[in-house]
Amino acid sequence: MLIKTVFSGFGGQGVLMMGYILAVSAMRGGMQVTYLPSYGAEVRGGTANCTVSISDEDIASPVASSPDYVIAMNNPSLIRFEGQIKTKGTIFLNSDLIDIDPEREDIEVFKIPANTLAKKMGSERAMNMIMLGAFVSKTKITSIDSLMNGLTEVINTKSKKQVEINRKGLEMGAKYVLKGEWGCLREKLN
Amino acid sequence: MKKVFGKPKCLKDAVFHYCPGCGHSIIHRLVAEVIDELSIQEKVIGVPPAGCAVLAYDYFDIDIGESPHGRGAAVATGLKRALPDRIVFTYQGDGDIAAIGTAETIHAANRGENITVIFVNNGVYGMTGGQMAPTTIIGQITTTTPGGRNEKRDGAPIDLSEMLALTTGTVYIERTAVDTPKNIIRTKKAIKKAFRVQMAGLGFSLVEVLSACPTNLKLSPVQANEWIGSTMTTYFPLKVIKDKVGKLGALPHLE
Amino acid sequence: MLLRGSHVYAEAAVRAGCRFYFGYPITPQNELTEYMANALASLPDGVFIQAESELAAINMVIGVSMAGKRAMTSSSSPGISLKQEGISFLSAMELPAVIINTMRGGPGLGNIAASQGDYFQATRGGGHGDYRTIVLAPGSGQEMADLTRAAFEYADRYRIPVIILGDGMMSQMMEPVEFPDPIDPKSLPPKPWVLDGAKDRPSRIIKSLILDTSAMEEHNWKLFRKYEMIEKEISQVELFLTDDARLVVIAYGTASRIARGAIKRVREMGLKVGLMSPKTLWPFPKRYLLEMSRVVTDFLVFEMSTGQMLEDVKLSLEGRRRIHFYGRPGGIISTPDEIAKVINNIYFKEGLETEV
């Protein structure tokens, strides 16, 4: 089993944090993981992305030329990564900021209004955690419990309030999926 | 018979290789006398340059670590940071400190590294055979300025000590010369003060010593020393360029 | 602990008793410098200086090393070129030091992507003069930690600068790592040659200028004998599925992990392919290769360059066996599938599928 996930968005949306928390959570769950951030000129201010590989054996390349999952937080991310997703792979879109639909018909598409949900929750910055919660809840790439533990481990140096807000974000995202409220463009491909 | 004059303790029993009339022999001796008088032979580490004085390790009976050309201030930074209670000094020529090593020197000074720099300025590259130095004066003939240094083409002689004085990290900078007995005595005083600044932990100290290179000036030793007084000092006036010692705290009383 | 490669190097250095770090910013390894700034600031005996240049940084390392303490600097390709002067001096003066190169695309400024174009520079000395440096090549986060510890030990044991040759991907990637217990620098054995003031002993000189030609020759041979001894003692490889292999891929660092993925794929198709991954690039693990060549007829060198380690493989095998090459320079990271195809082509072209 080898699953590669790309998180992509613009600087400040917390895409690197999403990937990092997922990687730590999966590692604590006993999996092999690698986390590869995009780096250099493009990371400073512009778009940012990272690739998380999770496997039950050694991971050869931390790069994902054809990821299983893509979490796209803005239009440029969708445009950039849509073509790379594996056949029968899945793209998760932040539908509040993405107003175009993927063209490919061989991938699953899930839409999550992350900004709206975050606003409802009272903390717009938790939008990335909502996406992550929804993503993990849908894919079961790791358990929600281990995700919560990963979150606590990663931001344990910051304030308790911070942890609480992020935790609420994860829960909200996960619940959103469980309730089946989300906009699904294409699901259950044959 | 009472012995009234001898070789400093921290000089080895070796004959200087320097040319007749060269200032290095005098400056070596002054540094050695100061080390003896301050009783720091057992805790001093010297960093000689690439240049004529690279062979300083043949003369000084102290720990010596050789530096790549121009990098003395960086090597001394490493030594001093690793051994803060030892006394670390560099001994550098004008090409070493004011051309190839400008960056290392300015930044060590700016960080206020607690080291002492002995900067020997003779206005010419000695060891390589008399090329233009950063401190060669306008009109001075060298093997690479056959028609004399031309300000438009070669730039003016660089006032490194004055530049260093502008950085906040420097504590004590003085320019002296070893062309006359009086100036030699002043030079020794300056070197001693520079070491004492370091021993008191005050910061970066530097003594620039105008020194004769008769061989490459193509002058006799006497003429070369006269040239320092008559010509070189018009570009490089002898003076205390910076002295923050009083402001930062007094040097301990010497017995 | 899930840690970025740059941070792994840094943490491993601190745990190896390194309290002196000097560096100059350059992508893609700034996180190493930043980690050291933090880590050393929190240690009472830690010294961190952001140097004015790579030259200054390596010369500060020289100063600390003369004083007998463990010191490190790091950079990426263009910055390592600047450090070469100091590395030559360290070699000449037989001073221990650890230098980490996070290779990026080159020559010139190149780019900031992961590449392996500095193999020649690292393994042939790199600066002027007749010398070698130990070159270690980690291929995972764990090896970054282990080889950084080893680098400091080799540096002190042999009084030699040690280069850790990684790349942009190794430094940026996060992987789980377990660190060895920290060493207290005070517990390290004293070095009998350091400069610390000539108290109760004769004065010492550490220098590289040896004007007398006979003495210089003697020094060169002395260094050479040391290098010979190092070649005997520390060359190291990692083998993967080589026991029955008909074709062995030779790759280091990032390329080795991609090759490993490719080999798993072709093994599923029944191809008998293995991996030899050198952990020491200098000394090059020639004897392992020679031994393997007694039964293996075909070798594939895979590098993220136009072919540099390839020359060491050729020199080691002296024309005895078929040597194939595949390289992607410029910061391109091949996929395991791409390498699997290359392996597949060679395997059938050379008729390795037929039983002997």
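I take helices (H or I, at least four residues) and strands (E, at least two) as DSSP runs, numbered from the N terminus. I am working on a predicted model, where local features need pLDDT of at least 70, side-chain atom pairs count only at pLDDT 80 or more, and totals for chains, interfaces and linings use all residues. I number residues from 1 along each chain as its sequence is written, and I letter chains from A and number ligands from 1 in the order in which they are written.

**Chain A**

I looked up the order of elements from the N terminus on: β-α-β-β-β-α-β-β-α-α-α-α-β. That gives 6 helices and 7 strands. Next came burial, where a residue is buried if 20 or more other C-beta atoms, placed from the backbone, lie within 10 Å of its own. Of the 190 residues in chain A, 47% are buried. I count a contact when two C-beta atoms, placed from the backbone, lie within 7 Å. Among contacts in chain A between residues at least 6 apart in sequence, 58% join residues at least 24 apart.

**Helix H1 of chain B**

I turned to H1(B), residues 23-37. Its 15 residues reach 21 Å from first C-alpha to last, close to the 21 Å expected at 1.5 Å a residue. The expected span is 1.5 Å times one less than the number of residues. I listed its buried residues, among them Ile26(B), Ile27(B), Leu30(B), Val31(B), Val34(B) and Ile35(B). An α-helix has 3.6 residues a turn, so residues three or four places apart point the same way. What covers the buried residues includes strands E1 (44-47), E4 (116-121) and E8 (204-210) and helix H7 (181-199) of chain B. Just after H1(B), I noted a positive phi of about 55° at Ser39(B).

**H2 against H4 in chain B**

I checked how H2(B) (residues 72-82) packs with H4(B) (residues 102-110). The angle is about 40° and the axes are 7 Å apart. That makes H2(B) oblique to H4(B), as angles under 35 degrees count as roughly parallel, over 145 as roughly antiparallel, 65 to 115 as roughly perpendicular and the rest as oblique. Ala73(B), Ala74(B) and Thr77(B) of H2(B) meet Glu104(B), Thr105(B) and Ala108(B) of H4(B).

**Chain C against chain A**

Last, I looked at the contact that takes 17 residues from chain C and 16 residues from chain A. On the chain C side, H7 (168-172), E8 (174-176) and H9 (253-268) each supply at least two residues. The largest share, 4 residues, comes from H9(C).

Conventions
A residue is buried if 20 or more other C-beta atoms lie within 10 Å of its own, exposed if 12 or fewer, and partly exposed in between; C-beta atoms are placed from the backbone. Axes are lines fitted to C-alpha atoms, for helices over the stretch in contact, and angles run from 0 to 180 degrees between N-to-C directions.
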